[in-house]
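Hi,

Here is the structure I promised to pass on.

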Amino acid sequence: MREQEKVIKDPVHGYIYVHDPVIWDLLNTREMQRLRRIRQLGTAYLTYPGGEHSRFAHSLGVYEVIRQVLSHFERNGYRWPTEDRRLAYAAGLLHDIGHAPFSHALESVLNTRHEEWSEQIIRHPETEVHQVLARVASDFPAQVGDVLGKRYPRRIIVSLVSSQLDGDRLDYLMRDAVMTGVDYGKFDLPRIVRILLPKDDRLVARQSGQHTVEAYLLARYFMYWQVYFHPVCRAAEVLLKNLLARAKALVEDGAREISPFSALNRLLAADYGVADYLGVDDSLLLAAMHGWRDHPDGVLADLSRRFLDRHLPKYRELGAPLSDERLSAVKDLVRGAGFDPAYYCTIDEIGTVYYDYYLGAQKGVHGDGLFLWDEASGALTEMSQISEPIRAMAQETQRTARRIFLPEEVTGNSQLSLQLDRWIRP
Ligand code: NI
């Protein structure tokens, strides 16, 4: 059995170390290699030019964080069976295997969830990842699927892949901060790895590392507002979604051969299987858009040109939800300017829960909390009980961005924009 150290250079972790031949074989599967052609941050590269990194680099990074955490545990006297280690590595590496092109836009147009696809791809006997996993043991693909679906009985393995301090979040937050250049999104990842420990079959942090964890949670908050919810990032996402929705509508109207790519055509026709799903990536969608620049359907052609040439829609903040009456007045305005409001007038509402334990506990339902372990007393305390900044952040659940996206031809026209302001002003 070959067991030779492989080393991969990485901008976030320095080096990524692979010893297990199963992990190496997984990396070389067709489905993992596809993730090189899916951008981790979707359309955010149109705002942050550095944000071009792939799901492949992120997946490798999640594996590496889990490897570092387990290696830290082992150096400190916690014994891990080889099978458990391999299961955690494989689940970390494959957790995003089901992502669609540009990460989220197509998912919402097709009304699917990448988490479900990840499990399906792992369980499907014809995928290469399934075949590599099944060589370990016939039930190994199902175990990896159970970890991703959070059904695996050993909670600690699930929490390495998905929890408040899992390998996924720790890698994507750092990677997205490094690649976009958003410095205040960075945090002390090597120290987080050192303060983690397993207690009661879950992942907890030493209380002496409280401020390191606070800095990480704040970095997460900053990344949401500075990158993931950034209005220009959202503008590109809205444009891409409208473009895909238009392509889908044309297919539903009978244009089955909308692109030269049968996998994409079948996806848009909602008549597809695992092979079709895996056959579509960012490069294929971009190639389809190049073809659509001259499509006879004016809307599809125009939206494709706008995306490729980066003529993003402009936004106005909405303080409160628009009444039906005001919204239909805005739509009339857009229609009057020569644009179909179904594809050129979009309200985007977005927000998240930054730390969900505290509010959950108030309702008597405990969310996925973060626990600090006090070495002296042996007590485990939930983070927001002792951290003022985290308590404040946990309560900030009301913060939602509500924006309306419109063509620049509307917002940039002084007369139209005066009328627009009258309808959207609270
Ligand atoms: Ni991920």
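Two bits of housekeeping before that. This is a predicted model, so local features need pLDDT of at least 70 and side-chain atom pairs count only at pLDDT 80 or more, while totals for chains, interfaces and linings use all residues. Residues are numbered from 1 along each chain as its sequence is written, and side-chain values use heavy atoms, with hydrogens and water left out.

The whole chain

The protein chain has 24 helices and 9 strands; these are DSSP runs numbered from the N terminus, with helices being H or I of at least four residues and strands E of at least two. Its radius of gyration is 23 Å, close to the 22 Å that the globule rule gives for 426 residues, so the chain is as compact as a globular protein of that length. (That radius is taken over C-alpha atoms, and the rule is 2.2 Å times the number of residues to the power 0.38.) Along the principal axes, the C-alpha atoms fill a box of roughly 70 × 50 × 35 Å. Of the 426 residues, 55% count as buried, where buried means under 20% relative accessible area, exposed over 50% and partly exposed in between (1.4 Å probe, protein chains only). Among contacts with a separation of 6 or more, 69% come from residues 24 or more positions apart; contact means heavy atoms within 4.5 Å.

The nickel site

Which residues hold the nickel ion? Its protein donors are H58 (NE2), H95 (NE2), D96 (OD) and D168 (OD), at 2.1 to 2.3 Å from it. Donors here are N, O and S atoms within 2.8 Å of the metal (3.2 Å for Na, K and Ca), and since water is not among the atoms, sites may look incomplete. Along the chain, the donors follow the spacing H-x36-H-D-x71-D. D96 lies in the loop between α4 (82-94) and α5 (105-110) and D168 in helix α10 (residues 167-180), so this pair ties together parts that are 72 residues apart in sequence. Both are buried: D96 has 4% relative accessibility, and D168 has a relative accessible area of 16%.

The angles at the nickel ion run from 80 to 167°, which makes the arrangement of the 4 donor atoms irregular. For the cut-offs, four donors count as tetrahedral if all angles lie between 85 and 135 degrees; four count as square planar and six as octahedral if opposite donors are over 155 degrees apart and all others between 65 and 115; anything else is irregular.

G61 in helix α3

G61 sits in helix α3 and is buried, with a relative accessible area of 0%. Beyond its neighbours within four places in sequence, G61 is in contact with H13, I16, D171 and R175.

The sheets

β3 and β4 (residues 202-206) pair in the antiparallel sense over 4 bridges, and P198 has L203 as its bridge partner in β4.

The other one I noted is an open, antiparallel sheet of 3 strands in the order β5-β9-β6. Its edge strands are β5 (314-317) and β6 (346-350). β6 and β9 (residues 401-406) pair over 5 bridges, with R403 in β9 as the bridge partner of D348.

Cheers

Definitions and conventions. Two strands pair if DSSP finds at least two bridges between them.
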